[in-house]
Amino acid sequence: MIGQAISDYLYEVQAQGRYSVSLPELRERFGPNEKAIAQKLHRLKKEKKLAQIRTGFYVIIPPQYAHQGILPTTYYLDDMMKFLKREYYLGLYSAAALHGAGHQQPMQSQIVIQQPPLRDIKTKKQHLNFFTKSAWNADWLEQKKTDAGYVQVSSPELTTIDLVYYHKQIGGLNRIIPVLEELVENLKSSKLTAIAAASSLPTIQRLGYILEELSETKLTEGLLKLLSAKETNTAPLSLSHKNKRGFKDEKWNLVVNAELEFA
């Protein structure tokens with residue numbers, strides 16, 4: 001029967017170290033028997049052996065994760081993005097945690113993608129936030145090995161720049177500062193400067209100010225050189241504060257409109 005055949009196939013997929021399956025894949029394997037496939041998928045979801053992440057994309061739940069009802073994102077993210085035919089990388093707090101900075105909940109993930117945007121995935125058991133960016137260089141990414149293959153992750157330098165760039169959407173500067181304090185140990189000045197060169201000027205200004213407050217003068221040298229060749233506008237330090245007033249930092253051309261909390 002097709003139902004048992006699907007169960008057997010999912011077992012084969014797991015034996016190969018993969019934890020996801022798509023509807024087109026099942027159709028190709030078992031023919032266009034839509035009703036039988038749909039009934040089996042519904043049954044497996046009810047038995048918590050399968051979870052639907054996107055239309056047509058399913059995660060296989062092994063027994064050790066049955067009580068959670070979902071797998072960590074790193075088990076299936078690369079497969080899902082290939083299924084969606086989208087370039088991506090795991091970034092922000094998720095990437096920082098993989099680099100040993102901060103503590104990210106395994107069922108919460110921040111994923112950076114190229115335009116057009118994707119709808120966030122929010123359920124009781126998982127939360128995937130998608131952030132859009134126009135482009136990036138593959139050299140800025142790292143491949144991290146997981147229990148189900150590999151996942152694309154932003155390098156410590158790109159993670160640092162992204163945390164500053166997206167700070168308004170991810171909780172504000174004071175939330176990212178403890179993570180930056182740990183990340184700076186992994187940063188290479190030349191790589192940070194190279195990636196920053198492709199970032200917005202206000203992001204470079206904010207990053208430079210924060211790194212200076214962290215006494216990371218070696219890391220700020222390259223950023224200052226970048227800015228010296230440009231004409232910058234005065235920008236607020238924090239975008240998440242309604243207050244636009246504050247003292248002027250001439251060096252980074254910022255209005256310091258928020259009090260930052262450092263360890």
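What follows is a short exchange about strands and cores in a predicted model.

Trainee: What makes β10 and β12 a pair of strands?
Mentor: Pairing needs at least two bridges between the strands. Two bridges join β10 to β12, residues 254–256, and the two run parallel.

Trainee: Why are β10 and β11 said to stand at the edges?
Mentor: The open sheet has three strands in the order β10-β12-β11, with mixed pairing. β10 (235–236) and β11 (247–249) each have a single partner strand, so one side of each lacks a neighbour in the sheet.

Trainee: How do you know that β2 and β3 pair?
Mentor: Count the bridges. Four join β2 to β3, residues 57–60, and the strands run antiparallel. Leu50 stands opposite Ile60 in β3. Two residues lie between the strands of this hairpin, and Gly56 takes a positive phi near 85°.

Trainee: Why is β2 called largely enclosed?
Mentor: Buried means under 20% relative accessible area. Four of the five residues of β2 (50–54) are buried, so the rest of the structure largely encloses this strand.

Trainee: Which residues have the most contacts inside the largest nonpolar core?
Mentor: Leu163, Ile176 and Leu223, in a core of 43 residues. The largest share, six residues, comes from α7.

Trainee: What does Leu163 touch?
Mentor: Contact means heavy atoms within 4.5 Å. Leaving out residues up to four places away in sequence, Leu163 touches Leu92, Tyr93, Ile170, Ile176, Val179, Leu180 and Leu183. A second, separate core has 27 residues, including Ile61 and Leu77.

Definitions and conventions. Residues numbered from 1 in each chain as written. Predicted model: local features only at pLDDT ≥ 70, side-chain atom pairs only at ≥ 80, totals over all residues. Heavy atoms only, no water. Buried < 20%, exposed > 50% of the residue type's maximum accessible area, 1.4 Å probe, protein only. Core = buried A, V, L, I, M, F, W, Y, C linked by side-chain atoms within 4.5 Å.
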